[in-house]
Structure formats: structure tokens, C-alpha cells
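Subject: Model for you to look at

Hello,

Here is the structure I promised to pass on. Please open it first, then read my notes below.

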Amino acid sequence: MSNRSLRGKVAIVGVGQSPSGRVPDRSPLDLTADATLKALADAGMDKSEIDGVLTGNAFASSFHRFSVALSEYLNIQPSYSNTLQVSGATAAAAVNTAAAAINAGLADTVLVACGDSLLTGMTPDMAIRAMTESRDQQYEMPFGIPVANTFAMTAHRHMKEFGTTPEQMAQVAVTFREHAARTPGAQKTDPITIEDVLASKMVTTPYHKLDCSLISDGGVALILTSAERAYDYAQEPIFILGAGEHYSHEHIFLMPELTETGAVKSAQKAYDMAGISAKDVDVAGIYDCFTGTVLMMLEDLGFCKKGEAGPFVEAGEITYGGTIPTNTHGGMLSYAHPGIPAAWYHFAEVVRQLRNSCGDRQVTDAELGLVHTLGAGFSTQATTILGKESTL
Amino acid sequence: MSEQTIRKPLPTTDGDSQALWDGLKEGKLLLQHCADCGHVQYYQQSLCRLCQSKNLVHKPASGRGKIHSYSVVHRAPGPAFKGDVPYAVLLVELEEGPRMISRLVGNDFDALDFDLPVKLQTVKISDDVCLPYFSLM
Ligand SMILES: [Zn+2]
């Protein structure tokens, strides 16, 4: 393994979000630019300092080069730009890639942003179709397999192998809804019960409507710069301590094992670079496209043993006072899910937790955070470990 | 909604996959067997995924397999599948080893279970395309 490391070389110095949830009549570029201006204001930075731009793609936008279109929209001319596409894993992959680019001298200060209007910029059918078109057009899509179905089949097998129950999966949705209720701007804040989840419409077994993430509009921006420059701005810098990724397959039928994902390797690489293990992490942002996805990630990221995530969640281990408070903003299940930008919110939340700026949803003494993002039926996995200066 | 958007996605064959789709029209599911290392693959490509040999031979599958996992779709993935719901998507593990995405013939969802034996049944979905579905034994 490479002994080169990003540990402590780059920090997140600005975070911004557009309004999210239902935000009609605002284009993906508008939402992303709005988030960018807020991130610049948060950092106390002028846009002229941004010399790198990384984004994901937006389903409700026709631009193939969203990062280039965003630069034009903001009237900035970066020396480094790319539009990344590894589905749901794009958020952490973009942060990792931005950190690597800064560390390598390709740019000094990189805007990592994404925005989309899945809820009001497209019809619900178009939104779902956008998701399904990411499946193979020969071997998967002719059979009518939505991307939800790939996650459903892994969760279903997890139930078979480990006795995981629908109630345990539902608990994830219930917990994140409780978290969203404390978070200003969350799309869904009404309390729900396990019974509510199980009584909601079946989407694709074993997933009910409330086991599935929302559909939203919104944009999020992060600003990364080198450790040397990080103290020049308004906020406490939050450092990147570790980065790991893993890409194990493209087709769900070529996934090596349905119940153990590439997150194991992605996380291990990130932990090794950071010089920590799962037990050291104080707060987590875990990609929560579906409830069962979170259970499998809790195991594969090392927060509990394989097969034990159901009881772990039932015991309150992913909320305040538990082993690993997770998605304290409410996640994609209750805060917002505008498509690819969805996991940017996990970064925004973990950074705010580490800045100790979360008010009544603050995790006490949070110093080390993890964000794990994934996509395409567990094909793509990316992990970032973040920490305060005290963890360097 | 235009005619185009509600039409079901049909496989667009390519140089790698032409034999598979031609075989299905004759009721055969052709697997690629590596003549060098013995690996068997369903996903058609020019190289063996294990040893990268190009020495691949097509042989029809026995058509026997078992259900590794499944999910019954109630919310259609787009307008084209609205008329089909509910339907069961299967992840079938073939007797020869490879897994594949397929569909259950019929709607006896209560009979579905993990590791249940199933058998191949090709289903004609257009003039040019037969899909490999599976039925319960
Ligand atoms: Zn071979």
C-alpha cells in the first residue's frame, strides 16, 4: 500500500446550503450557486480565491459538464475542474479527489458542490427513470429492475442470513426522523413510529415507502483549502484525516457477496490513513438511501459486528448517547434527497458537528467524524474521515 | 408523455452480447466457458473475468438454478413498467455458478423463498427479443 497520505493536509473551511426540500422554479445551477455563495460567506472568502471546482451531475440539468457550467454561472475561471460520476458515492469521492488535487498542487482552494431539483424540476416518474437508467440496459433494465431493487435484494438476503427484521430496518427511519425534527430546514419532521413505516405502501419488498429516501430539491457547497491556508478564514478548519474508496462491481449480479460490501475496504483504507479505528469516531454521516443500507454500513464500517446491526439500532446505538450518533441532520430519509447532492448534506452536518455549532442537536465533545457515501447497488463506495485540529 | 418514453427498454445488443440474445430466441441461455481455466460467466465479454483468456466457448445453460435473493416490485420504475406491477425480480444463481437478474414467470409471490429451485423459461417480449425468465419448479 502507498505510504503517501492526505492526513491533515487539507481542511474544509466553508459550508453552505441553498434552501432544500420543495424549492420550485430554481434550476440546479441556481441552487448550487446559491449554496456556493453561502459557503463563501461562511468561510469569509472571496470567489476569486477558488481555483478548483468539482461537482457531481444533476438529473434535472442538461449540462454534461456541470462543474464547467457552474464556473461560468459564478463567473469564475478555475485551473482545475471535473464533474465526477460514481452515483451516490460521488460526495466523498469528490471531497477525497479535491483533497488530493490540493495536496498535489493542482489547485489551492477547491469548491466541491452539487445541486439538483429532483422534486420540482422533474416529474416523479422522470426522477425514477433517471435512477433506473443508471442500470445496465441489457442485463438489468429490461427486467424492470429499479435501483431500489438492487438495494432491496441485498437487504432481503441480509434478513435471510442474519434474521434482520423489518422492524429493525424501520427503526432507522424512526431515529433519523427524530433527528430531522431537531434540524432547521428538514423536509420531514413529523414523528413516525415503526408501525407507520411498516404500514406505508410497499415499494419493492422488503422496502416500504418510509424505508426509502425522500425526493427533494437543493444544493450544497463545501470549500476545501490547504492546511497552510486553512487558518486564514472565518471558521475553525475541519481537517481531512483519511480517505478511502472501493469499486467492487458494476452489475448487482456480479457483487461478490450480497451481505458484505466494498465499504469494508473503503473504510479500512480511510481508517489506516487517519490512524484510527471505528471505535474512535464520534459522529457519522452514512449514506441512507434505504433503511437497510444503513444497517449494512454500520457493520461494514466496523461500528458493530456482521449481522448485528439490527439489534444495534434497536438498542439506540445510532442516536445521541449511543455508540455512534449517525445522520444527526435526519439524512436522506428525512432531511433531504436531491439525488447526487444528497450525501453533501452528510458532510455539511459532520463538519458542523465537529465545529461544535449544532446547538441542541450537538453531539457532545465530537472531535472525529466519518462520512461514508455509496451508490449503484453498493457498486461504488467512498469514505472520508474528518477531524478537529485536536485530532491531528 | 411521448410514445418513446413509455416503451419498455429493450436490450441493445453489441459485439460482446449478440450470441446471448440470438441464443435466447432459440430458447437457449448461452454461458461463456473459459477453455483455459474453466471459469463460467453469464455476462458476455471478450475476456475471461478470471484469467483474461480470449479462449471462450458458448455452451447452453442447463436452465436450472436457485433463488439467491428476490424483491417484489410494487412501485414501477417508470411508466413503461406500470402495467406490470406487482412483479418479482429474481437474483438467480445458476447451477453452473454465475448469478443473473431475472423475473419470475407468473405472480405466485407467496411461494417465493430463498434458495428455492427455479427453471429457465424464455419469454418473447418483442419481435426480436426473448428474455430469460424463470419459473418455480
Ligand atoms: Zn479463464
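A word on the element names: helices (H or I, at least four residues) and strands (E, at least two) are DSSP runs, numbered from the N terminus. Keep in mind that this is a predicted model.

First, the backbone. Most residues other than glycine have a negative phi, and most peptide bonds are trans. Here are some exceptions.

Cis peptide bonds:
- In chain B, B:Val85 and B:Pro86 are joined by a cis bond, with omega about -5 degrees. B:Pro86 sits in the loop between strand E4 (64-73) and strand E5 (87-94) of chain B.
- In chain A, the cis bond runs between A:Thr205 and A:Pro206, with omega about 5 degrees. Look for A:Pro206 in the loop between strand E5 (202-204) and strand E6 (207-208) of chain A.

Positive phi:
- A:Ser87 is not a glycine, yet its phi is near 50 degrees. Its loop lies between strand E3 (80-83) and helix H3 (90-104) of chain A.
- A:Asp365, also not a glycine, has a phi of about 55 degrees. Is A:Asp365 buried or exposed? A:Asp365 counts as exposed because its relative accessible area is 65%, and the cut-off is over 50%.

Next, the surface. A:Arg22, A:Lys188, A:Lys201 and A:Lys209 form a positive patch. One of them, A:Lys201, is in the loop between helix H7 (194-199) and E5 of chain A. A:Lys201 is exposed, at 68% relative accessible area.

Best wishes

Key. Residues are numbered from 1 along each chain as its sequence is written. Chains are lettered from A and ligands numbered from 1 in the order in which they are written. This is a predicted model: local features need pLDDT of at least 70, side-chain atom pairs count only at pLDDT 80 or more; totals for chains, interfaces and linings use all residues. Side-chain values use heavy atoms; hydrogens and water are left out. Buried means under 20% relative accessible area, exposed over 50%, partly exposed in between (1.4 Å probe, protein chains only). Patches are made of residues with over 30% relative accessible area and no salt bridge: like charges are joined within 9 Å, nonpolar side chains (Val, Leu, Ile, Met, Phe, Trp, Tyr) within 5 Å. Accessible areas come from the Shrake-Rupley method with a 1.4 Å probe; for residues, only the protein chains shown count as cover. A salt bridge is a side-chain nitrogen of Lys or Arg within 4 Å of a carboxyl oxygen of Asp or Glu. Lys and Arg count as positive and Asp and Glu as negative; His and the chain ends are not counted. The place of a charge is taken as NZ of Lys, CZ of Arg, CG of Asp or CD of Glu.
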